[in-house]
Amino acid sequence: MTHADILKAAGLTAAELTGGTLAVRSPIDGALLADVHETPAADMPAIIAKSQAAFKTWRTVPAPRRGELVRLLGEELRAAKAELGALVTLEAGKITSEGLGEVQEMIDICDFAVGLSRQIYGLTIASERPGHRMMETWHPMGPCGVISAFNFPVAVWSWNAALALVCGDPVIWKPSEKTPLTAIASMKIMDRALARFGDAPDGLCQLVIGGPAVGEALVASKDVPILSATGSTRMGSIVGPKVAARWGRPILELGGNNAMIVAPSADLDMAVRAIVFSAVGTAGQRCTSLRRLIAHNSIRADLVAKLAKAYASLPIGDPRKAGTLIGPLVDQGARDRMLAQLDKARAEGGVVHGGAAIEGVAGGAYVTPALVEMPEQTETVREETFAPILYVLGYDTFDEAVAIQNDVPQGLSSCIFTLNLREAEAFLSAAGSDCGIANVNIGPSGAEIGGAFGGEKETGGGRESGSDAWKGYMRRQTNTINYSAQLPLAQGVKFDF
Ligand code: NAD
């Protein structure tokens, strides 16, 4: 299929693809896909007001009925999976199965949220006062702004939107300026669900297009009580304090610097498979990509040799082609940053295998993935580089390995390969990994939607997706009900008059 065929199949029209100020290019070959219209900053107050108006209605719709809208969204996504997946590949450069996998993740979170719409439970609490009952009730919060990154151009919106909608919150989405086309196509899918639903308020789900300035309007507005922002730690360090300063609720999903500890007892063949997928999959452009390998010194050389062999066999090139496992980086800037970081690592004593620019498809930024043996965890290793660079570090004791794993500013995902139960449990204990995600005998990337997703420290502390992440989209109200004829005060306080 040509680029034009893919855009057409996803339902994008000439009016949407031309005449705007935002140039959108495919990472595959650098081809210009569209000049998209940006949302004028002056329109943002009206867009936010529309969302507030929608909230007044949507918050009173029973949650299971709100779930019906998300159920319809899941149905529409199932029907459009192939077309939207192909567009993700075209616009973000993911290999075909990862483009489809991203849409499957959207479907999965819809299924999760539909069930959730009948499970928005609060506790009942024993009151210390006779004839009293206590409980907590969860209420909608109001409009939820969603700022998303290029590397999961549509799934991140769905994680937020599916939960926010069943929780009673309208959504305003600002996708990455690098991936507006998948966002426009997703909104068309949402519009089909809304049409079938029938009586959803106008402005329940809105899309705004542009760069940081458009996002800034959501960040600054008191009428957007929840602001979910996914992207770099640099972005989060600007957005987080601004939302907090206006007493909004930020949900921050920022950079990771994810590690795997490989212990002497590890099943090395399994570890190699997990390492390769998590380090080079999506060309190292997942927030959960494996970036640091902390290998026991007794197996380190063997592991590096196995990895070097596996790396040499990886098909790199056009992500649409069957068999390709490594597609392009998002743009030439990403490739330049990768090559510059490798130079820094060399200057710090690193031995670099791979990590060269190559011709995949003319116009795209293709690289061979890099394995970098480092003498220690230097400043370069402690930074997130959004590219397929895997730093290899050695360790002698388990405590040393955990200390290296935790000694970075980010705290997203982590894992250990070991067959030693004591090590596995210690890694998951309070004195083990300090990350939001910690796995055993499985890599750090490719999370399922059932678990809460997010990380600590400079990753921002937000949680999205499964478990009780929905609580981040609602306000908790504690209720005390007195069904007695007395008015006793708590803590035995007397106030007679
Ligand atoms: P980025 O920070 O450049 O941009 C992300 C989004 O933030 C974009 O929509 C951008 O327009 C917006 N933005 C940037 N500055 C802003 C500002 N001052 N005000 C408002 N909005 C602003 O990130 P990227 O290059 O698109 O994505 C890669 C980064 O995202 C990596 O660091 C990766 O680890 C991270 N990421 C994290 C998660 C997670 O769940 N933790 C998921 C995906 C990506």
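Residues are numbered from 1 along each chain as its sequence is written. This is a predicted model, where local features need pLDDT of at least 70, side-chain atom pairs count only at pLDDT 80 or more, and totals for chains, interfaces and linings use all residues.

Let's start with the ligand. It has 29 residues around it, the closest being Ala149, Gly215, Gly231, Glu253 and Cys287; near here means a C-beta atom, placed from the backbone, within 6 Å of the molecule. By class, that shell holds 13 nonpolar, 11 polar and 5 charged residues, with Ala, Val, Leu, Ile, Met, Phe, Trp, Tyr, Cys and Pro counted as nonpolar, Asp, Glu, Lys and Arg as charged, and the others, Gly among them, as polar.

Which helix gives the most to the shell around the ligand? That is α9, with 4 residues. Helices here are DSSP runs of H or I with at least four residues, strands are E runs of at least two, and both are numbered from the N terminus.

Now the sheet. It is open and antiparallel, with 3 strands in the order β3-β4-β23; strands pair if DSSP finds at least two bridges between them. The edge strands, β3 (124-125) and β23 (474-482), each pair on one side only. Between β3 and β4 (residues 132-140) there are 2 bridges, and Thr124 has Met135 in β4 as its bridge partner.

Last, the helix pair. Gly67, Val70 and Leu77 are among the α4 residues that meet α6, where the partners include Val103 and Ile107; contact means C-beta atoms, placed from the backbone, within 7 Å. Thanks, all!

Key: Contact = placed C-beta atoms within 7 Å.
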